[in-house]
Amino acid sequence: MMIRKIKILTPLLFLIATLSLSSQERQDWDKIKSLKIAFITERLNLSPKEAQSFWPIYNEHQSKKEDLFKEERFEIGSEIKNLDALSDAQASALLIRMQKLEEEKHMVEKAYIDKISKTISAKKTILLMRSEEDFKRQLIKQYRQKRGGK
């Protein structure tokens, strides 16, 4: 009877722990997104009119970038992990897919810059691009400090 309870509880505890970690990762990701929005908002000093048209374009672009990242990381990445199992023809097809994805990422970025620069000034567009890089650097720096402190 006790062994049966353990057999039932073990997977249940594992599931709870997994869901809890997944929830924590989601909360961390949401927190990072919020910090990034605050960082960009402060840096760009958008007028209410600019903000009203800027944020929908920005959020749409971020969503597209996430989709492309997922494709690159999970779909293409899983095939690359099994590279030894691929035939030359499959590897060639994968290479073509990777090139198309890079082209698509470039086109998405170009369309975004064209669209956003019609919403905010060219100077603020460049400042936005710099601010995103600054935010990434700051995030990495904090991550390294946190890991180094443990």
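Leu95 is partly exposed, with a relative accessible area of 48%; buried denotes under 20% relative accessible area, exposed over 50%, and partly exposed the range in between (1.4 Å probe, protein chains only). This residue lies in helix H3, where helices (H or I, at least four residues) and strands (E, at least two) are DSSP runs numbered from the N terminus. Together with Ile80 and Met98, Leu95 forms a nonpolar patch on the surface, with about 240 Å² of accessible area together. Patches consist of residues with over 30% relative accessible area and no salt bridge, like charges being joined within 9 Å and nonpolar side chains (Val, Leu, Ile, Met, Phe, Trp, Tyr) within 5 Å. Accessible areas come from the Shrake-Rupley method with a 1.4 Å probe, and for residues only the protein chains shown count as cover.

The model is predicted: local features need pLDDT of at least 70 and side-chain atom pairs count only at pLDDT 80 or more, whereas totals for chains, interfaces and linings use all residues. Residues are numbered from 1 along each chain as its sequence is written, and side-chain values use heavy atoms, with hydrogens and water left out.

Confidence is expressed as pLDDT, the predictor's confidence in each residue, from 0 to 100. The protein averages a pLDDT of 84, and 81% of the residues score at least 70. Among the elements, H3 has the highest mean pLDDT (94) and H1 the lowest (66). Over residues 9-15, pLDDT stays under 50, and the model has one contact beyond four places in sequence for them; a contact means heavy atoms within 4.5 Å. Residues 17-21 also stay under 50, with zero contacts beyond four places in sequence.

The interior is described by nonpolar cores, that is, sets of buried Ala, Val, Leu, Ile, Met, Phe, Trp, Tyr and Cys residues joined through side-chain atoms within 4.5 Å. The largest has 11 residues, among them Ile40, Leu46, Trp55, Tyr112 and Leu128. Helix H1 (2-44), helix H2 (48-81) and helix H3 (88-116) each supply at least two residues of this core, and the largest share, four residues, comes from H2. A second, separate core of five residues includes Leu68, Ile76, Leu94 and Leu101.

Charged pairs provide a further set of links. The structure holds 13 salt bridges, each a side-chain nitrogen of Lys or Arg within 4 Å of a carboxyl oxygen of Asp or Glu. One of them pairs Arg43 with Asp134, the closest N and O atoms being 2.7 Å apart. This pair links distant parts of the chain, with Arg43 in helix H1 and Asp134 in helix H4 (residues 122-149), 91 residues apart. Arg43 is partly exposed, at a relative accessible area of 35%. Arg43, Asp134 and Arg137 are linked in a network of salt bridges.

Another salt bridge joins Lys105 to Glu72, with the closest N and O atoms 3.2 Å apart. Here Lys105 in helix H3 and Glu72 in helix H2 connect distant parts of the chain, 33 residues apart. Lys105 is partly exposed at 27% relative accessible area, and Glu72 is partly exposed at 29%.

Within helix H4, Glu133 and Lys136 lie three residues apart, about one turn of the helix. Their salt bridge has its closest N and O atoms 3.1 Å apart.
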